Amino acid sequence: HMKYAISAGHEITAATAEEILKLGGNAVDAAIAAYLTAFVTEPCMASGGGGAFATVYQADGKSVVLDFFCQTPKHKRPVEEIEFFPIAVDFGDMIEHFYLGKGSTAIPGSIAGIYALQERFGTIPMKTLVQPAVDHAKNGVRVNNFQALDIKLLENVFRVDEQAAAAFFKEGEVLGTGDLLKMPELGDFLAYLAEEGQRAFYEGEVAQKIVKDHQAFGGHLRMEDFSEYEVAVRKPLRFGYRKHTVLTNPLPSTGGATMALQLKHVAEINPGQNPLGTIHLQQLYESFARVNQVPRNPQALGLALQEAYQLPPPTNHRFTNRRGSTSHLNVVDQWGNAISLTTTIGEGSGYFAENTGIHMNNMLGEAALLPNGFHSWERDVRLSSMVTPTIVLDAKEQVAFVLGSGGASRIPSAMMQVLRNLIDYDLPLAAAVNYPRVHLEHGVFNVEHGFEEELKAADLQDELKAWQGKSMFYGGVHIIQNKDGQLSALGDSRRDGVAIVAS
(Lines give C-alpha, C1' and ligand atoms only; values in the text may rest on other atoms or scores of the structure.)
Protein backbone atom coordinates (compact mmCIF):
# COMPACT_ATOMS: atom_id res chain seq x y z
CA HIS A 1 0.00 0.00 0.00
CA MET A 2 1.40 3.38 -1.03
CA LYS A 3 2.40 5.82 1.68
CA TYR A 4 2.70 9.50 0.85
CA ALA A 5 1.89 12.95 2.20
CA ILE A 6 1.27 16.33 0.63
CA SER A 7 0.58 19.80 2.03
CA ALA A 8 -0.04 22.88 -0.08
CA GLY A 9 -1.85 26.19 -0.43
CA HIS A 10 -4.86 24.93 -2.40
CA GLU A 11 -6.91 21.74 -2.55
CA ILE A 12 -6.46 21.33 -6.32
CA THR A 13 -2.71 21.98 -6.09
CA ALA A 14 -2.51 19.14 -3.55
CA ALA A 15 -4.85 16.85 -5.52
CA THR A 16 -2.61 17.25 -8.59
CA ALA A 17 0.41 16.08 -6.60
CA GLU A 18 -1.58 13.04 -5.46
CA GLU A 19 -2.64 12.24 -9.02
CA ILE A 20 1.04 12.04 -10.09
CA LEU A 21 2.05 9.95 -7.06
CA LYS A 22 -0.75 7.49 -7.93
CA LEU A 23 0.69 7.21 -11.45
CA GLY A 24 3.95 6.04 -9.86
CA GLY A 25 5.72 9.40 -9.97
CA ASN A 26 8.13 10.44 -7.24
CA ALA A 27 7.91 13.46 -4.92
CA VAL A 28 9.62 15.76 -7.43
CA ASP A 29 7.36 14.68 -10.32
CA ALA A 30 4.37 15.39 -8.07
CA ALA A 31 5.73 18.78 -6.99
CA ILE A 32 6.37 19.87 -10.60
CA ALA A 33 2.78 19.06 -11.61
CA ALA A 34 1.42 20.72 -8.46
CA TYR A 35 3.53 23.84 -9.03
CA LEU A 36 2.31 24.14 -12.65
CA THR A 37 -1.27 23.72 -11.41
CA ALA A 38 -0.70 26.50 -8.84
CA PHE A 39 -0.24 28.88 -11.81
CA VAL A 40 -4.03 28.49 -12.16
CA THR A 41 -5.20 27.74 -8.61
CA GLU A 42 -2.95 30.28 -6.83
CA PRO A 43 -2.38 32.91 -9.54
CA CYS A 44 -1.48 35.72 -7.13
CA MET A 45 1.56 33.78 -5.97
CA ALA A 46 2.61 31.29 -8.62
CA SER A 47 3.36 32.01 -12.27
CA GLY A 48 5.81 31.14 -15.01
CA GLY A 49 6.81 34.79 -14.63
CA GLY A 50 8.10 34.37 -11.06
CA GLY A 51 10.73 32.36 -9.23
CA ALA A 52 11.13 29.73 -6.53
CA PHE A 53 13.44 27.66 -4.36
CA ALA A 54 13.19 23.92 -3.78
CA THR A 55 14.94 21.84 -1.12
CA VAL A 56 15.08 18.20 -2.24
CA TYR A 57 15.99 15.22 -0.07
CA GLN A 58 16.54 11.86 -1.78
CA ALA A 59 15.85 8.58 -0.05
CA ASP A 60 19.58 7.72 -0.35
CA GLY A 61 20.46 10.67 1.91
CA LYS A 62 21.59 13.19 -0.72
CA SER A 63 20.12 16.67 -0.54
CA VAL A 64 20.27 19.80 -2.66
CA VAL A 65 18.68 23.24 -2.98
CA LEU A 66 17.68 24.41 -6.44
CA ASP A 67 17.59 28.20 -6.65
CA PHE A 68 15.44 29.24 -9.61
CA PHE A 69 14.66 32.63 -8.22
CA CYS A 70 14.65 35.79 -10.31
CA GLN A 71 17.83 37.46 -11.60
CA THR A 72 18.32 41.19 -12.09
CA PRO A 73 18.65 42.34 -15.73
CA LYS A 74 22.10 42.74 -17.30
CA HIS A 75 21.28 46.25 -18.48
CA LYS A 76 19.67 49.05 -16.53
CA ARG A 77 17.73 51.74 -18.36
CA PRO A 78 17.71 55.35 -17.13
CA VAL A 79 14.97 55.93 -14.57
CA GLU A 80 13.18 58.49 -16.77
CA GLU A 81 12.68 55.83 -19.47
CA ILE A 82 11.09 53.11 -17.38
CA GLU A 83 7.48 52.23 -16.66
CA PHE A 84 7.28 52.14 -12.87
CA PHE A 85 4.24 53.20 -10.85
CA PRO A 86 2.85 52.62 -7.36
CA ILE A 87 -0.29 50.84 -6.24
CA ALA A 88 -1.64 50.72 -2.70
CA VAL A 89 -2.58 47.37 -1.18
CA ASP A 90 -4.87 47.63 1.83
CA PHE A 91 -4.21 44.81 4.31
CA GLY A 92 -6.93 46.10 6.66
CA ASP A 93 -4.63 47.16 9.48
CA MET A 94 -1.96 48.66 7.23
CA ILE A 95 -1.61 49.95 3.70
CA GLU A 96 1.53 49.01 1.78
CA HIS A 97 2.75 50.51 -1.47
CA PHE A 98 4.27 48.34 -4.18
CA TYR A 99 5.60 49.35 -7.56
CA LEU A 100 4.50 47.74 -10.80
CA GLY A 101 5.12 48.23 -14.48
CA LYS A 102 7.62 46.73 -16.90
CA GLY A 103 10.46 48.55 -15.13
CA SER A 104 9.76 46.44 -12.01
CA THR A 105 10.37 43.07 -13.68
CA ALA A 106 13.38 40.82 -13.15
CA ILE A 107 14.21 37.67 -15.15
CA PRO A 108 11.87 34.84 -14.16
CA GLY A 109 13.26 31.45 -13.14
CA SER A 110 10.14 29.33 -12.57
CA ILE A 111 10.11 27.48 -15.87
CA ALA A 112 13.87 26.88 -15.93
CA GLY A 113 13.52 25.49 -12.41
CA ILE A 114 10.73 23.12 -13.38
CA TYR A 115 12.94 21.72 -16.16
CA ALA A 116 15.99 21.51 -13.89
CA LEU A 117 13.97 19.54 -11.32
CA GLN A 118 12.65 17.25 -14.03
CA GLU A 119 16.09 16.62 -15.58
CA ARG A 120 17.72 15.88 -12.22
CA PHE A 121 15.02 13.91 -10.45
CA GLY A 122 11.98 13.36 -12.66
CA THR A 123 10.71 9.97 -13.85
CA ILE A 124 7.57 11.04 -15.69
CA PRO A 125 7.46 12.91 -19.03
CA MET A 126 6.74 16.64 -18.95
CA LYS A 127 3.64 16.16 -21.14
CA THR A 128 2.07 14.11 -18.36
CA LEU A 129 3.16 16.51 -15.62
CA VAL A 130 1.73 19.53 -17.41
CA GLN A 131 -1.66 17.93 -18.23
CA PRO A 132 -3.53 18.67 -14.97
CA ALA A 133 -2.53 22.35 -15.20
CA VAL A 134 -3.60 22.49 -18.86
CA ASP A 135 -6.99 20.95 -18.00
CA HIS A 136 -7.61 23.28 -15.05
CA ALA A 137 -6.55 26.36 -17.04
CA LYS A 138 -9.00 25.51 -19.83
CA ASN A 139 -11.93 24.15 -17.79
CA GLY A 140 -11.53 26.68 -15.00
CA VAL A 141 -11.13 26.44 -11.24
CA ARG A 142 -13.61 27.73 -8.65
CA VAL A 143 -12.09 30.55 -6.62
CA ASN A 144 -11.88 29.65 -2.91
CA ASN A 145 -12.05 32.10 0.02
CA PHE A 146 -8.32 32.68 0.33
CA GLN A 147 -7.78 33.22 -3.40
CA ALA A 148 -10.79 35.58 -3.48
CA LEU A 149 -9.21 37.60 -0.69
CA ASP A 150 -5.89 37.69 -2.54
CA ILE A 151 -7.43 38.65 -5.90
CA LYS A 152 -9.35 41.44 -4.14
CA LEU A 153 -6.15 42.72 -2.48
CA LEU A 154 -4.38 42.78 -5.85
CA GLU A 155 -7.38 44.07 -7.84
CA ASN A 156 -5.44 47.12 -9.03
CA VAL A 157 -2.63 44.91 -10.36
CA PHE A 158 -5.09 42.91 -12.46
CA ARG A 159 -6.60 46.14 -13.86
CA VAL A 160 -3.31 47.12 -15.55
CA ASP A 161 -3.36 44.70 -18.50
CA GLU A 162 -6.46 44.07 -20.61
CA GLN A 163 -5.42 40.42 -20.94
CA ALA A 164 -5.98 39.97 -17.20
CA ALA A 165 -9.46 41.47 -17.33
CA ALA A 166 -10.94 38.53 -19.24
CA ALA A 167 -9.66 36.05 -16.64
CA PHE A 168 -9.95 37.93 -13.34
CA PHE A 169 -13.07 40.11 -13.77
CA LYS A 170 -16.74 39.37 -14.29
CA GLU A 171 -18.98 42.29 -15.31
CA GLY A 172 -16.40 44.80 -14.09
CA GLU A 173 -15.97 43.21 -10.63
CA VAL A 174 -13.04 41.01 -9.57
CA LEU A 175 -13.90 37.34 -9.19
CA GLY A 176 -15.20 36.29 -5.79
CA THR A 177 -15.56 33.01 -3.90
CA GLY A 178 -17.19 30.36 -6.08
CA ASP A 179 -16.60 32.15 -9.38
CA LEU A 180 -14.87 30.23 -12.19
CA LEU A 181 -11.35 31.36 -13.10
CA LYS A 182 -10.37 30.26 -16.61
CA MET A 183 -6.95 30.84 -18.21
CA PRO A 184 -7.22 29.21 -21.66
CA GLU A 185 -4.15 30.95 -23.08
CA LEU A 186 -2.06 29.65 -20.19
CA GLY A 187 -3.39 26.15 -20.93
CA ASP A 188 -2.31 26.45 -24.56
CA PHE A 189 1.09 27.81 -23.61
CA LEU A 190 1.80 25.02 -21.10
CA ALA A 191 0.86 22.37 -23.69
CA TYR A 192 3.24 24.09 -26.16
CA LEU A 193 5.96 24.26 -23.50
CA ALA A 194 5.71 20.49 -22.87
CA GLU A 195 6.22 19.93 -26.61
CA GLU A 196 9.08 22.39 -27.13
CA GLY A 197 10.95 22.38 -23.81
CA GLN A 198 12.10 25.42 -21.85
CA ARG A 199 13.46 27.04 -25.02
CA ALA A 200 9.83 27.85 -25.76
CA PHE A 201 9.96 30.38 -22.94
CA TYR A 202 13.61 31.48 -22.82
CA GLU A 203 14.59 31.59 -26.50
CA GLY A 204 11.60 31.40 -28.80
CA GLU A 205 8.87 33.78 -29.82
CA VAL A 206 7.52 34.10 -26.27
CA ALA A 207 10.81 35.54 -24.97
CA GLN A 208 11.09 37.71 -28.10
CA LYS A 209 7.61 39.13 -27.51
CA ILE A 210 8.24 39.80 -23.80
CA VAL A 211 11.54 41.51 -24.64
CA LYS A 212 9.98 43.57 -27.44
CA ASP A 213 7.25 44.82 -25.08
CA HIS A 214 9.76 45.60 -22.32
CA GLN A 215 12.07 47.44 -24.69
CA ALA A 216 9.19 49.43 -26.23
CA PHE A 217 7.33 50.24 -23.01
CA GLY A 218 9.88 50.96 -20.33
CA GLY A 219 11.29 47.62 -19.19
CA HIS A 220 14.89 46.45 -18.75
CA LEU A 221 14.68 42.90 -20.15
CA ARG A 222 16.70 41.83 -23.21
CA MET A 223 17.10 38.54 -25.06
CA GLU A 224 20.39 37.66 -23.36
CA ASP A 225 18.68 38.00 -19.98
CA PHE A 226 16.45 35.11 -20.97
CA SER A 227 18.89 32.96 -22.94
CA GLU A 228 21.62 33.17 -20.27
CA TYR A 229 19.41 32.53 -17.21
CA GLU A 230 20.71 29.61 -15.13
CA VAL A 231 19.30 27.61 -12.25
CA ALA A 232 21.77 27.65 -9.33
CA VAL A 233 22.39 24.34 -7.58
CA ARG A 234 23.39 24.90 -3.97
CA LYS A 235 24.33 22.84 -0.93
CA PRO A 236 21.63 23.28 1.71
CA LEU A 237 22.50 25.28 4.80
CA ARG A 238 22.84 22.42 7.29
CA PHE A 239 22.85 22.87 11.07
CA GLY A 240 21.87 21.00 14.22
CA TYR A 241 18.92 21.76 16.51
CA ARG A 242 18.52 19.59 19.63
CA LYS A 243 18.91 16.07 18.16
CA HIS A 244 17.77 17.09 14.69
CA THR A 245 19.51 18.27 11.52
CA VAL A 246 17.95 21.14 9.59
CA LEU A 247 18.45 21.44 5.80
CA THR A 248 17.34 24.79 4.42
CA ASN A 249 17.85 27.59 1.90
CA PRO A 250 21.49 28.78 2.11
CA LEU A 251 23.05 32.20 1.56
CA PRO A 252 22.81 34.40 -0.49
CA SER A 253 19.14 34.03 0.51
CA THR A 254 18.53 35.39 3.96
CA GLY A 255 15.58 33.35 5.29
CA GLY A 256 17.44 30.13 6.13
CA ALA A 257 20.25 31.98 7.88
CA THR A 258 17.76 34.08 9.87
CA MET A 259 15.87 30.95 10.99
CA ALA A 260 19.19 29.26 11.92
CA LEU A 261 20.18 32.18 14.15
CA GLN A 262 16.72 32.28 15.78
CA LEU A 263 16.87 28.54 16.51
CA LYS A 264 20.39 28.93 17.89
CA HIS A 265 19.14 31.45 20.45
CA VAL A 266 16.05 29.48 21.45
CA ALA A 267 18.19 26.32 21.75
CA GLU A 268 19.96 28.00 24.67
CA ILE A 269 16.63 28.18 26.50
CA ASN A 270 15.36 25.26 28.56
CA PRO A 271 11.90 24.65 27.12
CA GLY A 272 10.42 23.87 30.54
CA GLN A 273 7.83 21.23 31.27
CA ASN A 274 4.47 22.70 30.36
CA PRO A 275 4.60 24.49 27.03
CA LEU A 276 1.02 25.56 26.82
CA GLY A 277 1.11 27.79 29.88
CA THR A 278 4.73 28.79 29.54
CA ILE A 279 5.89 29.13 25.95
CA HIS A 280 8.05 31.84 27.50
CA LEU A 281 6.83 34.78 25.46
CA GLN A 282 9.60 36.71 27.17
CA GLN A 283 12.29 34.33 25.92
CA LEU A 284 10.94 34.34 22.37
CA TYR A 285 10.91 38.14 22.52
CA GLU A 286 14.50 38.30 23.77
CA SER A 287 15.77 35.85 21.16
CA PHE A 288 14.12 37.98 18.44
CA ALA A 289 15.72 41.10 19.84
CA ARG A 290 19.16 39.43 19.70
CA VAL A 291 18.81 38.15 16.13
CA ASN A 292 17.41 41.49 14.94
CA GLN A 293 20.73 43.12 15.82
CA VAL A 294 22.24 41.34 12.79
CA PRO A 295 21.62 43.26 9.54
CA ARG A 296 19.52 41.28 7.04
CA ASN A 297 22.18 40.99 4.35
CA PRO A 298 24.14 37.89 3.31
CA GLN A 299 27.50 39.25 4.46
CA ALA A 300 26.39 40.07 8.02
CA LEU A 301 24.27 36.93 8.32
CA GLY A 302 27.15 34.80 7.00
CA LEU A 303 29.48 36.12 9.68
CA ALA A 304 26.87 35.61 12.41
CA LEU A 305 26.23 32.03 11.22
CA GLN A 306 29.95 31.34 11.15
CA GLU A 307 30.16 32.42 14.77
CA ALA A 308 27.00 30.63 15.94
CA TYR A 309 27.63 27.28 14.23
CA GLN A 310 31.37 27.31 13.52
CA LEU A 311 30.58 27.19 9.81
CA PRO A 312 33.20 28.04 7.18
CA PRO A 313 33.36 31.75 6.31
CA PRO A 314 30.74 32.94 3.82
CA THR A 315 31.62 33.29 0.17
CA ASN A 316 31.10 36.76 -1.15
CA HIS A 317 27.77 36.72 -2.97
CA ARG A 318 26.50 39.56 -5.09
CA PHE A 319 22.83 39.94 -4.35
CA THR A 320 19.80 42.17 -4.11
CA ASN A 321 17.14 41.44 -1.53
CA ARG A 322 13.50 40.69 -2.30
CA ARG A 323 10.35 39.29 -0.75
CA GLY A 324 6.74 39.01 -1.85
CA SER A 325 3.44 37.16 -1.71
CA THR A 326 4.37 33.53 -1.59
CA SER A 327 2.97 30.03 -1.60
CA HIS A 328 4.46 26.75 -0.49
CA LEU A 329 4.04 23.03 -1.17
CA ASN A 330 5.57 19.84 0.26
CA VAL A 331 5.56 16.22 -0.94
CA VAL A 332 6.92 13.00 0.60
CA ASP A 333 6.60 9.92 -1.63
CA GLN A 334 6.34 6.17 -1.03
CA TRP A 335 10.15 5.76 -1.31
CA GLY A 336 10.98 8.45 1.23
CA ASN A 337 12.03 11.20 -1.18
CA ALA A 338 10.93 14.67 -0.08
CA ILE A 339 10.64 18.13 -1.62
CA SER A 340 9.84 21.50 -0.07
CA LEU A 341 9.14 24.26 -2.63
CA THR A 342 8.32 27.95 -2.06
CA THR A 343 7.38 30.28 -4.92
CA THR A 344 6.51 33.95 -5.49
CA ILE A 345 5.86 36.54 -8.19
CA GLY A 346 5.94 39.44 -5.74
CA GLU A 347 2.66 41.22 -6.34
CA GLY A 348 3.03 40.85 -10.12
CA SER A 349 3.96 43.67 -12.50
CA GLY A 350 0.52 43.91 -14.07
CA TYR A 351 1.97 42.75 -17.41
CA PHE A 352 0.87 39.40 -18.88
CA ALA A 353 3.10 37.98 -21.62
CA GLU A 354 0.92 38.09 -24.73
CA ASN A 355 -1.09 34.95 -25.58
CA THR A 356 0.46 32.98 -22.71
CA GLY A 357 -1.53 33.96 -19.61
CA ILE A 358 1.82 34.36 -17.80
CA HIS A 359 1.92 37.22 -15.30
CA MET A 360 5.42 38.71 -14.99
CA ASN A 361 6.92 39.52 -11.58
CA ASN A 362 7.58 42.94 -10.00
CA MET A 363 10.69 41.85 -8.09
CA LEU A 364 12.36 45.25 -8.57
CA GLY A 365 9.37 47.13 -7.14
CA GLU A 366 9.44 46.71 -3.40
CA ALA A 367 10.84 49.56 -1.34
CA ALA A 368 11.56 47.57 1.80
CA LEU A 369 14.26 45.61 0.01
CA LEU A 370 16.11 48.38 -1.70
CA PRO A 371 17.53 50.29 1.26
CA ASN A 372 19.44 52.62 -1.06
CA GLY A 373 16.26 53.54 -2.89
CA PHE A 374 14.47 52.22 -5.96
CA HIS A 375 16.62 51.48 -8.97
CA SER A 376 19.63 50.89 -6.70
CA TRP A 377 19.75 47.20 -7.64
CA GLU A 378 22.96 45.73 -8.99
CA ARG A 379 22.91 44.29 -12.51
CA ASP A 380 22.99 40.58 -13.30
CA VAL A 381 22.77 39.22 -9.76
CA ARG A 382 20.52 36.62 -8.20
CA LEU A 383 17.84 38.11 -6.01
CA SER A 384 18.02 37.03 -2.40
CA SER A 385 14.88 36.00 -0.55
CA MET A 386 13.36 35.35 2.86
CA VAL A 387 11.71 32.13 1.65
CA THR A 388 12.88 29.10 3.58
CA PRO A 389 11.89 25.69 2.14
CA THR A 390 13.13 23.28 4.82
CA ILE A 391 13.59 19.57 5.52
CA VAL A 392 14.44 18.41 9.06
CA LEU A 393 16.08 15.05 9.74
CA ASP A 394 15.82 13.15 13.03
CA ALA A 395 18.68 11.66 15.07
CA LYS A 396 18.76 8.66 12.66
CA GLU A 397 19.07 11.02 9.65
CA GLN A 398 15.54 10.11 8.51
CA VAL A 399 13.11 12.79 7.33
CA ALA A 400 11.16 14.09 10.36
CA PHE A 401 9.55 17.28 8.96
CA VAL A 402 9.12 18.90 5.55
CA LEU A 403 7.88 22.47 5.78
CA GLY A 404 7.82 25.99 4.42
CA SER A 405 5.75 29.15 4.53
CA GLY A 406 4.65 32.32 2.80
CA GLY A 407 4.71 35.60 4.71
CA ALA A 408 7.64 37.76 3.60
CA SER A 409 9.89 38.78 6.49
CA ARG A 410 7.84 36.68 8.95
CA ILE A 411 8.71 33.38 7.23
CA PRO A 412 11.79 32.37 9.28
CA SER A 413 10.19 33.23 12.61
CA ALA A 414 6.92 31.42 11.81
CA MET A 415 8.91 28.30 10.97
CA MET A 416 11.19 28.60 13.98
CA GLN A 417 8.14 28.75 16.26
CA VAL A 418 6.45 25.73 14.65
CA LEU A 419 9.68 23.68 14.84
CA ARG A 420 10.14 24.66 18.47
CA ASN A 421 6.56 23.59 19.29
CA LEU A 422 7.19 20.21 17.63
CA ILE A 423 10.74 19.46 18.76
CA ASP A 424 10.98 21.13 22.18
CA TYR A 425 7.40 20.61 23.34
CA ASP A 426 6.41 17.54 21.34
CA LEU A 427 3.07 19.15 20.47
CA PRO A 428 0.78 17.32 18.04
CA LEU A 429 1.03 18.70 14.50
CA ALA A 430 -2.22 20.70 14.51
CA ALA A 431 -1.48 22.27 17.91
CA ALA A 432 2.08 23.14 16.85
CA VAL A 433 0.92 24.95 13.70
CA ASN A 434 -2.20 26.56 15.19
CA TYR A 435 -0.38 27.82 18.28
CA PRO A 436 -0.32 31.65 18.42
CA ARG A 437 2.79 33.27 16.92
CA VAL A 438 4.81 36.38 17.62
CA HIS A 439 7.09 38.53 15.49
CA LEU A 440 9.38 41.44 16.36
CA GLU A 441 10.28 43.87 13.57
CA HIS A 442 10.83 47.64 13.21
CA GLY A 443 10.43 48.15 16.96
CA VAL A 444 6.98 46.53 17.09
CA PHE A 445 6.32 43.23 18.88
CA ASN A 446 3.39 41.63 17.01
CA VAL A 447 1.49 39.07 19.10
CA GLU A 448 -1.22 36.85 17.68
CA HIS A 449 -4.40 36.37 19.71
CA GLY A 450 -3.93 33.72 22.44
CA PHE A 451 -1.09 35.09 24.55
CA GLU A 452 -3.23 37.34 26.79
CA GLU A 453 -2.09 35.89 30.16
CA GLU A 454 1.60 35.76 29.23
CA LEU A 455 1.51 39.37 28.01
CA LYS A 456 0.48 40.63 31.45
CA ALA A 457 3.80 39.45 32.88
CA ALA A 458 6.01 40.33 29.91
CA ASP A 459 8.69 43.00 30.11
CA LEU A 460 8.81 44.51 26.60
CA GLN A 461 11.11 47.32 25.48
CA ASP A 462 9.22 47.67 22.18
CA GLU A 463 5.78 48.80 21.15
CA LEU A 464 3.23 45.99 21.50
CA LYS A 465 0.67 45.23 18.80
CA ALA A 466 -1.88 42.66 19.93
CA TRP A 467 -3.72 41.08 16.98
CA GLN A 468 -7.30 39.84 17.08
CA GLY A 469 -7.71 36.25 15.90
CA LYS A 470 -5.39 34.42 13.52
CA SER A 471 -3.79 36.28 10.63
CA MET A 472 -2.02 35.52 7.35
CA PHE A 473 0.50 38.16 8.54
CA TYR A 474 2.09 35.31 10.54
CA GLY A 475 2.66 33.20 7.42
CA GLY A 476 1.15 29.92 6.35
CA VAL A 477 3.31 27.03 7.53
CA HIS A 478 2.37 23.96 5.48
CA ILE A 479 4.06 20.85 6.85
CA ILE A 480 4.50 17.07 6.67
CA GLN A 481 5.60 15.04 9.69
CA ASN A 482 7.09 11.55 9.69
CA LYS A 483 6.99 10.04 13.18
CA ASP A 484 8.21 6.46 13.46
CA GLY A 485 7.19 5.81 9.85
CA GLN A 486 3.70 7.32 10.35
CA LEU A 487 3.10 10.23 7.99
CA SER A 488 0.83 13.13 8.88
CA ALA A 489 0.42 16.53 7.20
CA LEU A 490 -1.25 19.88 7.70
CA GLY A 491 -1.92 23.04 5.73
CA ASP A 492 -1.93 26.22 7.83
CA SER A 493 -5.49 27.53 8.22
CA ARG A 494 -4.12 31.11 8.24
CA ARG A 495 -3.79 30.72 4.47
CA ASP A 496 -6.44 28.04 3.84
CA GLY A 497 -3.77 25.34 3.49
CA VAL A 498 -4.68 21.72 2.78
CA ALA A 499 -3.12 18.31 3.28
CA ILE A 500 -3.52 14.79 1.88
CA VAL A 501 -2.08 11.68 3.55
CA ALA A 502 -2.06 8.03 2.51
CA SER A 503 -0.48 5.92 5.22
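Helices and strands here are DSSP runs, numbered from the N terminus. Keep in mind as you click around that this is a predicted model.

Select R495, in the loop between β25 (486–490) and β26 (498–502). Does R495 have a salt bridge partner, or none? None: R495 is buried without a salt bridge, and D150, the nearest side chain of opposite charge, is 6.5 Å away. A salt bridge needs the nitrogen and oxygen within 4 Å.

Select R494 and E448, which form a salt bridge with their closest N and O atoms 2.9 Å apart. E448 sits in the loop between β22 (444–447) and α17 (452–457), so this pair ties together parts 46 residues apart in sequence. R494 is buried at 6% relative accessibility, and E448 is buried at 0%. Show all four together: R437, E448, D492 and R494 are linked in a network of salt bridges.

Pick K127 and E195, a salt bridge with closest N and O atoms 3.5 Å apart. K127 is in helix α4 and E195 in helix α8, so the pair ties together parts 68 residues apart in sequence. K127 is partly exposed, while E195 is exposed.

**Last stop: a hole inside.** Select F39, S47, M183, G357 and H359, the lining residues nearest the centre of the largest cavity. Its volume is about 60 Å³, and its lining has nine nonpolar, four polar and no charged residues.

Methods
Residues are numbered from 1 along each chain as its sequence is written. This is a predicted model: local features need pLDDT of at least 70, side-chain atom pairs count only at pLDDT 80 or more; totals for chains, interfaces and linings use all residues. Side-chain values use heavy atoms; hydrogens and water are left out. Helices (H or I, at least four residues) and strands (E, at least two) are DSSP runs, numbered from the N terminus. Buried means under 20% relative accessible area, exposed over 50%, partly exposed in between (1.4 Å probe, protein chains only). Lys and Arg count as positive and Asp and Glu as negative; His and the chain ends are not counted. On a 1 Å grid over the protein atoms alone, a cavity is a set of points where a 1.4 Å probe fits but cannot get out, and a pocket is an open set with protein on both sides within 12 Å along at least five of seven lines; lining residues have an atom within 4 Å of a point. Grid points are joined across faces, edges and corners, and a volume is the space filled by probe spheres set on the points. Ala, Val, Leu, Ile, Met, Phe, Trp, Tyr, Cys and Pro count as nonpolar, Asp, Glu, Lys and Arg as charged, and the others, Gly among them, as polar.
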